[in-house]
Amino acid sequence: MKLNSQLLKELVGIYGPSGNEDKIRGYIEEQIKDYVDEITVDSLGNLIARKKGNGKRIMISAHMDQIGLMVTAIDDNGFLRFTNIGGISPFVTLSQQVIFENGVRGVISSEPTSDISKLKLSNMFIDIGVNNKEEAEKLINIGDVCIYNSEYGESNNVVFTRYLDDRVGCYVAIEAMKQIKEPKNDLYFVFSVQEEVGLRGAKTSAYTVNPEIGIALDVTGSGDTPNAKTFAVALHKGAAIKVKDSSILTHPKLRQHMVEIAKANKISYQMEVLEYGGTDAGAIHLTKEGVPTGAISIPTRYIHSTIEMASKNDIMDSVNLLVKLLESEIIL
Ligand code: CO
Ligand code: ZN
């Protein structure tokens, strides 16, 4: 199997910050419609695609929303002040190019400062190159959200791009869906909304799907860069099987089952103990009386930056692990 670069490149390139997922939902629907039996969209905007089978009802969730910057005010000279939608670092954001849903582009700069450590989003602004407020208001409204606008790149072993979080999770779900021809379990692939602002789409879609088992697909960090915080996940070491993050302690039997599946199929894997962060798994496992839930994570460097980097092999290992897991009989 080779990485489907075309699909991944298109996925990371489509507009869809939290709460504004229409475009990306339309794109994903188009990609998957020939591979599933039913597609529904719930009131929050989650895309729920079912592939019917007779076994357990499994919800597989990858969030399709992305982090972005929301305009809070426009000053007399046409500069835009903004707040964060999801985790935006002032240092990562400085000097980046952004793009709005209507195609208007801007650059991010800051008020003069002699102490860069004091950099905060509140003293930064977006410059869309206009002369005054009136001109700006013809292009942009308060509440509009822009996203990072950086180029997709690949080398032999890695991809580096904006928004692997979590379009690479969507990629893994879509590729798995294509490979599973006759599902043994009853599969509900959810492309969730508003994960970056607190796992909100996973919460409502899990209520709808009412799964017996949950699987989240998302990026995780890596502990392999210079002086990184101790974290036993590295690029090129395989799909990461989550043990915990701040939102969940994964179901031990499901986790063990995933390890056994990886071993039996000679799929490279590593265990992930993340001391921060959360994923859709956090919301799914607290549905109703509780749902045994786990997660496959794609090890990623520089998460929430414009150059998130992941290993092609790790991505393909994640697809393989998901396929084999979904095709297995899961007894907990
Ligand atoms: Co994120
Ligand atoms: Zn994510």
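Biologist: Which residues does isoleucine 315 touch, not counting residues up to four places away in sequence?

Modeller: In this predicted model, isoleucine 315 is one of the residues that touch the most other members of the largest nonpolar core, along with Leu8, Ile28 and Phe191. Contact here requires heavy atoms within 4.5 Å, and once residues up to four places away in sequence are set aside, the partners of isoleucine 315 are Leu3, Leu8, Val159, Val168, Tyr171, Val172, Ile298 and Ala310.

Biologist: Which residues coordinate the zinc ion (ligand 2)?

Modeller: The donor atoms lie at 1.9 to 2.6 Å from the zinc ion (ligand 2), and the donor residues follow the sequence spacing H-x101-D-x52-D.

Biologist: Is the site of the zinc ion (ligand 2) tetrahedral or irregular?

Modeller: Ideal angles for four tetrahedral donors are 109.5 degrees. Four donors count as tetrahedral if all angles lie between 85 and 135 degrees, but the angles among the four donor atoms of the zinc ion (ligand 2) run from 51 to 146°. The site is therefore classed as irregular.

Biologist: Which residue bridges the zinc ion (ligand 2) and the cobalt ion (ligand 1)?

Modeller: The zinc ion (ligand 2) and the cobalt ion (ligand 1) lie 3.3 Å apart. The residue that bridges the two ions is aspartate 165.

Biologist: Are histidine 63 and aspartate 218 buried or exposed?

Modeller: The cut-off for buried is under 20% relative accessible area. Histidine 63 has 0% relative accessibility and aspartate 218 has 4%, so histidine 63 counts as buried, and aspartate 218 likewise counts as buried.

Biologist: What is the radius of gyration of the protein chain?

Modeller: The C-alpha trace spans about 65 × 45 × 40 Å along its principal axes, and 55% of the 332 residues count as buried. A compact globule with 332 residues would have a radius of gyration near 20 Å, which agrees with the value for the protein chain, 20 Å.

Methods. Residues are numbered from 1 along each chain as its sequence is written. Chains are lettered from A and ligands numbered from 1 in the order in which they are written. This is a predicted model: local features need pLDDT of at least 70, side-chain atom pairs count only at pLDDT 80 or more; totals for chains, interfaces and linings use all residues. Side-chain values use heavy atoms; hydrogens and water are left out. Donors are N, O and S atoms within 2.8 Å of the metal (3.2 Å for Na, K and Ca); water is not among the atoms, so sites may look incomplete. Four donors count as tetrahedral if all angles lie between 85 and 135 degrees; four count as square planar and six as octahedral if opposite donors are over 155 degrees apart and all others between 65 and 115; anything else is irregular. Buried means under 20% relative accessible area, exposed over 50%, partly exposed in between (1.4 Å probe, protein chains only). The radius of gyration is taken over C-alpha atoms; the globule rule is 2.2 Å times the number of residues to the power 0.38. A nonpolar core is a set of buried Ala, Val, Leu, Ile, Met, Phe, Trp, Tyr and Cys residues joined through side-chain atoms within 4.5 Å.
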